[in-house]
Amino acid sequence: MNATYPQDALAAVTHADPYPYYDALAAAQGLRFDAGLGLWIAAGAADVVAVMRHPDCRVRPLTEPVPAAIAGGAAGQVFGALVRMNDGERHAQPKLALQRALAGVDAQAARLHARRIGGRLWRDDGLASWMVEVPVSAMASLLGFADSQLPAVAAWMGEFVACLSPYSDAWQIGRAHAAALSLLAGFKELMRGAASGSLLSQVIAEAEAVGWSESHGLLANLVGLLSQTYEATAGLIGNSVLALARQPEEERSGAEDAAVLVRAVSRFDSPIQNTRRFVARACEIGGVPLLAGQTVLLVLAAANRDPRGEGREFGFGHGAHACPGQALACAFATGAMEALMTKAPPDLLRTLNWSYRRSPNARVPVFGREVGPPAG
Ligand code: HEM
């Protein structure tokens, strides 16, 4: 473990052990401005809730509803329609439909589904790609894609998510636009014959029930269901693998504990460590004046640990924009961990070698080749 504190709340995301730092952040009540980052920081549970509830704190800057780097292309059009990226009317109705459709998914069936897919995709030397492919494939399968289509959908999604990262270059963004077109076309085709009982047919039914009839928005949010699954659930699986590796071997009691492990990791080593809100109008929160155009970093991973948080959890957000996929994400990760526990060679957990993927908000381990004994 690295005993030094991370430099700031963004460096904490991929730091070896950011938790003593997060505890200190959460303990210092109230919003404070980090001049180095140019961001307001909200880390205590009450502060995060206050910002999330404030009507002048929005999920996107007023002046840039779609990041300039992707505006004008297909990926930007998807981004601009996502419930995650909108407030007000463009949020409420689609959110309700997605929430209702996802609430109808049987979590145990989803867990078994991910476990089956996890077993099928397992390769002893492929943990890094396995943890990414399992949840997106499980989600695509629940939505109604055939098994033969899953590798292509997972590959397009891998290219599409580059549009969500501030670190992507022009080449990656070009591929993200092309992948967005492929995914939209894939969903359009799937909608022509949506299998009854599939999650897709549930989303369509709930969209009709709430009067959400904008077809591009629907297609975009179907792509969104896959992209929301992709990185965060991979991170939940990866961080669960690390938590399992840290347990003494005699305490690893088997598959029935996978759900408990995943639940604890989703709170105490959460894959999404922070999110942002953008100040639309000058306002005051907890006596602190915020100016229009400023940004607040909500440190969810710190708020999760705040002893004054009354047990509230923030790893899946809170309030109006709270994640509607929490139960499904935990089910996928649990099924994946069960598959890993039965498939992984006995020494895998002893020989893990990893670093964290560069990201300003997601804590996702990248596993390298297993470390062998030193040569010679
Ligand atoms: C471990 C996996 C996941 C984590 C940690 C996670 C976390 C989050 C967080 C923190 C938010 C709120 C963002 C904010 O308020 O700024 C969110 C929103 C959202 N998540 Fe998840 N999520 C996960 C998996 C999923 C899955 C599997 C789905 C889809 C089935 C999903 C769908 C969504 C959607 C649609 C939103 C936007 C909700 C809104 O804006 O009202 N998420 N998620």
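**Close-up 1. Buried residues of helix α4 in the predicted model.** In this predicted model, the buried residues of α4 are His91, Pro94, Lys95, Ala97, Leu98, Ala101 and Leu102. Their cover includes α6 (127-143), α9 (199-210), α10 (215-246) and α13.

Close-up 2. How many of the eight residues of helix α3 are buried? Seven of the eight residues in this helix (residues 74-81) are, so α3 is largely enclosed by the rest of the structure. The buried residues are Ala74, Ala75, Gly76, Val78, Phe79, Gly80 and Ala81. They pack against α4, α7 (150-160), α8 and α10.

**Close-up 3. Ala178 of helix α8 and Gly73.** Ala178 has its place in helix α8, which runs over residues 170-192. With a relative accessible area of 42%, Ala178 is partly exposed. Between Ala178 and Gly73 there are 105 residues of separation in sequence, while their C-alpha atoms are 8.8 Å apart in space.

**Close-up 4. The five-stranded open sheet.** Follow the strands in the order β1-β2-β7-β4-β3: these five form an open sheet, and their pairing is mixed. At the edges stand β1 (32-34) and β3 (57-58), each with a single partner strand, so one side of each is left without a neighbour in the sheet. Helix α2 (residues 45-53) packs on the sheet and touches β2 (39-42), β3, β4 and β7. The direction of α2 makes about 135° with that of β7. For orientation, strands of a sheet pair through backbone hydrogen bonds, either parallel or antiparallel.

Close-up 5. Strand β4 (residues 275-279) pairs with strand β7 (residues 295-298) in the antiparallel sense, over four bridges. To find your way along this pairing, look for Arg277, which stands opposite Val296 in β7, and for Thr275, whose bridge partner in β7 is Leu298. The pairing of β3 with β4 is also in the antiparallel sense, over two bridges. Here Cys57 has Val279 of β4 as its bridge partner. Is β4 mostly covered or mostly uncovered? It is mostly covered, with four of the five residues of β4 buried.

Close-up 6. By the rule used here, the model holds six aromatic pairs. One of them joins Tyr19 and Tyr22, a tilted pair with 5.7 Å from centre to centre and 55° between the planes. Why are Tyr19 and Tyr22 separated by about one helical turn? The reason is that they are three residues apart in helix α1 (residues 19-27). Tyr19 counts as buried at 9% relative accessibility, and Tyr22 is buried with a relative accessible area of 0%. The rings of Tyr21 and Tyr22 also pair: their centres are 6.0 Å apart and their planes stand at 45°, so this pair is tilted. Tyr21 is buried as well, with a relative accessible area of 9%. Together with Tyr5, the residues Tyr19, Tyr21 and Tyr22 form one aromatic cluster.

**Close-up 7. Buried residues of helix α11.** In α11 (residues 258-268), look for Ala258, Leu261, Val262, Val265, Ser266 and Arg267, which are buried. What covers them includes α10 and α13.

**Close-up 8. The iron atom of the ligand and Cys323.** Which residue is the only protein donor of the iron atom of the ligand? It is Cys323, through its SG atom, at 2.3 Å. To locate Cys323, turn to the loop between α12 (300-303) and α13 (326-343).

Notes. Residues are numbered from 1 along each chain as its sequence is written. This is a predicted model: local features need pLDDT of at least 70, side-chain atom pairs count only at pLDDT 80 or more; totals for chains, interfaces and linings use all residues. Side-chain values use heavy atoms; hydrogens and water are left out. Donors are N, O and S atoms within 2.8 Å of the metal (3.2 Å for Na, K and Ca); water is not among the atoms, so sites may look incomplete. Buried means under 20% relative accessible area, exposed over 50%, partly exposed in between (1.4 Å probe, protein chains only). Contact means heavy atoms within 4.5 Å. Two strands pair if DSSP finds at least two bridges between them. Axes are lines fitted to C-alpha atoms, for helices over the stretch in contact, and angles run from 0 to 180 degrees between N-to-C directions. Rings of Phe, Tyr and Trp (its six-membered ring) pair if their centres lie within 6.5 Å; planes under 30 degrees apart count as stacked, over 60 as edge-to-face and the rest as tilted.
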